[in-house]
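User: I'd like to learn how to read a protein model. Could you walk me through one?

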Amino acid sequence: MKKITAYLLAGAALLMAVPASAQFAKAEDAIKYRKNALFVMSQNFGRVAGMAAGRIPFDAKVAVESAEIAEFMADLPWAGFGPGTDKGDTRAKPEIWTEKAKFDDYAKKLQGEMSKLTTATKTGNLDTIKTAVNATGGACKACHDNFRAK
Ligand code: ASC
C-alpha cells in the first residue's frame, strides 16, 4: 500500500514538473495560466517597446533583462490551450482548436522573434532594438488578428 502511494506521489510530482505537457486541474486554471503567462510576457515586451518608442528612458541593462524574461515567457502560454479550454473567461477564438497547425505556427514565429529581440537588446543599439520590436509586435498582432476575439 505504501509503495503504491509512493508511486502515485512520484507520478504526480513528475506531471507537475513538466510545464510543456502541463496538466491542469480545471479548464479555468489553464485559461488563467495562459492569460497570466501572456500578461507577464506583454509587460516585459512592452517595456522594451516603450524604450524603442522613446516612451520610457532607454536603459540597456533593463532592456536585456526584460527581453530575456519575455523570451522565456513566450514558451509558456501554449500549454494552456489544450482541448476543452475553449469556453470560459477567454477571448480565444474556436479556430485555435480547429486550425491548430496555423496557431502553432504563430506561436513558433513569436518565439523566434522574441529570441531575436533578446539578441537585439544585447547590441545596445536602439535602432536594432526598434527593428526587432516591430517584428515581434507584428507576430503578436498577426496571431491576435486571427485568433483573438475583439
Ligand atoms: C504588446 C502587447 C501586445 C502586442 C500587440 C502588438 O505590447 O501587450 O498584445 O504588443 O499590441 O500589436
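This is a predicted model: local features need pLDDT of at least 70, side-chain atom pairs count only at pLDDT 80 or more; totals for chains, interfaces and linings use all residues.

User: How many helices and strands does the protein have?

Analyst: Residues are numbered from 1 along each chain as its sequence is written, and side-chain values use heavy atoms, with hydrogens and water left out. Helices (H or I, at least four residues) and strands (E, at least two) are DSSP runs, numbered from the N terminus. Here you get six helices and zero strands, so the pattern along the sequence reads α-α-α-α-α-α.

User: What span should helix α6 have, at 1.5 Å a residue?

Analyst: The expected span is 1.5 Å times one less than the number of residues. Helix α6 covers residues 126–147, so its 22 residues should span 32 Å, and the 31 Å between its end C-alpha atoms agrees with that.

User: Which residues of α6 are buried?

Analyst: Buried means under 20% relative accessible area, exposed over 50%, and partly exposed in between (1.4 Å probe, protein chains only). In α6 the buried ones include Ile 129, Val 133, Cys 140 and Phe 147. As for partners, the buried residues pack against α2 (27–52), α4 (95–98) and α5 (100–123).

User: Is Thr 85 buried or exposed?

Analyst: Thr 85 is found in the loop between α3 (60–73) and α4. Its relative accessibility is 5%, so Thr 85 counts as buried. A contact means heavy atoms within 4.5 Å. Leaving aside neighbours within four places in sequence, Thr 85 has contacts including Ala 27, Ile 31 and Trp 97. Its side chain also makes a polar contact of 3.0 Å with that of Arg 34; the term means a pair of N or O atoms within 3.5 Å, where within protein one must be able to donate a hydrogen and the other to accept it, and residues adjacent in sequence count only if both atoms are side-chain atoms.
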